[in-house]
Number of protein chains: 2
Amino acid sequence: MRAVTLEALLAAAEAGAAVFDLRPAPSHLAGAVPLSLEALQRGALPDLPPETPVYLVCARGQVSELAGLYLEAAGFTNVHHLVGGLRAWVGRD
Amino acid sequence: MRAVTLEALLAAAEAGAAVFDLRPAPSHLAGAVPLSLEALQRGALPDLPPETPVYLVCARGQVSELAGLYLEAAGFTNVHHLVGGLRAWVGRD
């Protein structure tokens, strides 16, 4: 799993890549799709080919990393997550 | 004054441009320098040549815009601010 900057993640979102925001609603990164870790843990995976570049973001970086591990265990091969979460980039999660 | 995306603002910060975060401490955008609107209103300006590209960010977009107007009134000619503030981009301010 690769760690990316907020800038790279926003660029991916703008380019139409699959960007998932793991934070509980109503928080929502511009261009990202909400995704719940609980759903992933129950086996509800994004309906995407496994080689699709996937970008994950959360408040502090742990939940997105954990979600990334679930996706990789399920066969996804191109997973990225926002290192340190939004808190590291915008100073508040 | 030009409105910019969060991506453009982070890229400017990474490139060493003058990026100011108007939110009260401890919030702090990666690469940005804290700046208080009150200080600006008292005439305390950033110590920069007036043509320097300046990028302003706050929680919802109003304070950064107001700060931009103060800077322009003081002669700054290259002012940008994050449209809608961080709330519009990361769903929380």
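Colleague: Which residue of S5(A) is the bridge partner of A:Val4?

Modeller: This is a predicted model. Strand S5 (residues 79–82) of chain A runs parallel to S1(A), and three bridges join the two. In S5(A), the partner of A:Val4 is A:Leu82.

Colleague: Which strands of chain A are the edge strands?

Modeller: The open sheet of chain A has five strands with parallel pairing, in the order S1-S5-S4-S2-S3. An edge strand pairs on one side only. The edge strands of chain A are strand S1 (2–4) and strand S3 (33–34).

Colleague: What angle does the direction of helix H1 of chain A make with that of S4(A)?

Modeller: Helix H1 (residues 6–14) packs on the sheet of chain A. There H1 touches S1, strand S2 (18–21), strand S4 (54–57) and S5 of chain A. With the direction of S4(A), that of H1 makes about 125°.

Colleague: In chain B, which residue of S5(B) is the bridge partner of B:Leu56?

Modeller: Chain B has an open sheet of five strands in the order S1-S5-S4-S2-S3, with parallel pairing. Strand S1 (2–4) and strand S3 (33–34) of chain B each have a single partner strand, so one side of each lacks a neighbour in the sheet. Strand S4 (residues 54–57) and strand S5 (residues 79–82) of chain B are joined by three bridges. In S5(B), B:Leu56 has as its bridge partner B:His81.

Colleague: Is H1(A) roughly parallel or roughly antiparallel to H1(B)?

Modeller: The axes of H1(A) and H1(B) lie 9 Å apart, and the helices pack at an angle of about 150°. Angles over 145 degrees count as roughly antiparallel. H1(A) is therefore, relative to H1(B), roughly antiparallel.

Colleague: How many charged residues does the contact of H1(A) with H1(B) have?

Modeller: The crossing of these two helices is left-handed. H1(A) contributes A:Leu6, A:Glu7, A:Leu10, A:Ala11 and A:Glu14, and H1(B) contributes B:Leu6, B:Glu7, B:Leu10, B:Ala11 and B:Glu14. By class, six residues are nonpolar, none is polar, and the number that are charged is four.

Key
Residues are numbered from 1 along each chain as its sequence is written. Chains are lettered from A and ligands numbered from 1 in the order in which they are written. This is a predicted model: local features need pLDDT of at least 70, side-chain atom pairs count only at pLDDT 80 or more; totals for chains, interfaces and linings use all residues. Side-chain values use heavy atoms; hydrogens and water are left out. Two strands pair if DSSP finds at least two bridges between them. Helices (H or I, at least four residues) and strands (E, at least two) are DSSP runs, numbered from the N terminus. Contact means heavy atoms within 4.5 Å. Axes are lines fitted to C-alpha atoms, for helices over the stretch in contact, and angles run from 0 to 180 degrees between N-to-C directions. Angles under 35 degrees count as roughly parallel, over 145 as roughly antiparallel, 65 to 115 as roughly perpendicular and the rest as oblique. A crossing is left-handed if the near helix is turned anticlockwise from the far one by less than a right angle, and right-handed if clockwise. Ala, Val, Leu, Ile, Met, Phe, Trp, Tyr, Cys and Pro count as nonpolar, Asp, Glu, Lys and Arg as charged, and the others, Gly among them, as polar.
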